[in-house]
Amino acid sequence: MIHTRDYCVREGDQVTLNKWATKVAPAYDSKEQYHKLLAEHVEQLSSLQKLFYAFDRYAVLLIFQAMDAAGKDGVIKHVMSGVNPQGCQVFSYKQPSPMELQHDFLWRTTRDLPERGRIGIFNRSYYEEVLIVRVHPKVLRSEGLPGHSSRQPAVWEHRYRSIHAFERHLHANGTRIIKFFLHLSKDEQRKRFLQRIDDPQKNWKFSMADIEERKYWKQYVKAYEECLSATSTAHSPWYVVPADDKRNARLIVSSIIVETFKSLKMSYPTSSPQRRRELLAIRKQLT
């Protein structure tokens, strides 16, 4: 039994990541049971997506953030495997382009927001602007903001407020946001890096940049702690998902997504009496 509330950061909580587990007792007893449970979640999500599309009153935005090798791609691939591709889009965000640097930090992701009836997935997101940018101040300097210094705490407070307002605006207009931080231990990251080096088919997943970023582990932990504390709200919560066990992480994420869809209280559109008469008349012509 997965209790999804156990992983939710409540609004106002001060997050200390070493108090949040990177591995918990699995929700499955065997590999076979894992596949069975995940298949059930995927089937539920597929059915709910059909209703979601027909209801056409909400959009859903899933945000995934994590340290390198935490399994974001795998979670998205396995959990969303039953979703109709026509109703779902995945966006991955890398280093900003010169054009993107000429705009505010929310601009490039705002272009990719899902419309009503659709699911949007951000593999990394605008939260990079209070994470990697905070760890690497030179990135902020390249954004050319007037009168700002990366050493001023006010920069991050301003960005947190902008994110708060942005997500509150989206929620008020029907977009439901679910934010996942895949919580990986440093030792498990080391093991996964070694696997990528030892397995020729996974060599492409590894670069020296991954090792360089690993040197900033403590700085990233601090940045994530402040970000999660400042931006988890009742309408746009963060979930800290233990990620050392990839399979369990997928089950937790899929449970949270299914619960969120069920909470929307959707229904299929009903036909008016006039519409029913039209349909019956058409039916007569077809028989």
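Colleague: What makes K36 and E40 a salt bridge?
Modeller: Keep in mind that this is a predicted model. Their side chains meet with N and O 2.8 Å apart, and the cut-off is 4 Å between a Lys or Arg side-chain nitrogen and a carboxyl oxygen of Asp or Glu, so the pair qualifies.

Colleague: How far apart are K36 and E40 in helix α1?
Modeller: They're 4 residues apart, so about one helical turn separates them. An α-helix has 3.6 residues a turn, so residues three or four places apart point the same way.

Colleague: Why is K36 called exposed, and what is E40 called?
Modeller: Exposed needs over 50% relative accessible area. K36 comes out at 51%, so it counts as exposed. E40 is at 33%, so it counts as partly exposed.

Colleague: What about E100: buried or exposed?
Modeller: Buried, because its relative accessible area is 17% and the limit for buried is under 20%. E100 also forms a salt bridge with R111, with the closest N and O atoms 3.0 Å apart. That pair links distant parts of the chain: E100 is in the loop between β3 and α3, R111 in the loop between α3 and β4, 11 residues apart. R111 has a relative accessible area of 43%, so that one is partly exposed.

Colleague: Which residue meets R118 in a salt bridge?
Modeller: E115, at 3.0 Å from N to O. R118 is partly exposed at 23%, and E115 counts as partly exposed at 44%.

Colleague: Why do you say α10 is largely enclosed by the rest of the structure?
Modeller: Because 13 of its 17 residues are buried.

Colleague: What caps the N-terminal end of α10?
Modeller: D245 does: one of its side-chain oxygens lies 3.1 Å from the backbone nitrogen of R247. The limit for a polar contact is 3.5 Å, so that distance falls within it.

Colleague: Which residues touch the most other members of the largest nonpolar core?
Modeller: L62, M80, I119, F180, V253, I257 and F261, out of 43 residues in that core. Elements giving it two or more residues include α1, β2, β5 and α10. Apart from it lies another core of 34 residues, among them L140, I163, Y220 and A223.

Colleague: What does F261 touch, leaving out residues up to four places away in sequence?
Modeller: L45, L48, F52, V60, I119 and M266.

Colleague: Where is the bridge partner of V60?
Modeller: In β4, and that partner is I119. β2 and β4 pair in the parallel sense over 5 bridges. Two strands count as paired at two bridges or more, so this pair meets the rule.

Technical notes: Residues numbered from 1 in each chain as written. Predicted model: local features only at pLDDT ≥ 70, side-chain atom pairs only at ≥ 80, totals over all residues. Heavy atoms only, no water. Buried < 20%, exposed > 50% of the residue type's maximum accessible area, 1.4 Å probe, protein only. Polar contact = N/O pair within 3.5 Å; in protein donor to acceptor, adjacent residues only side chain to side chain. Core = buried A, V, L, I, M, F, W, Y, C linked by side-chain atoms within 4.5 Å. Contact = heavy atoms within 4.5 Å.
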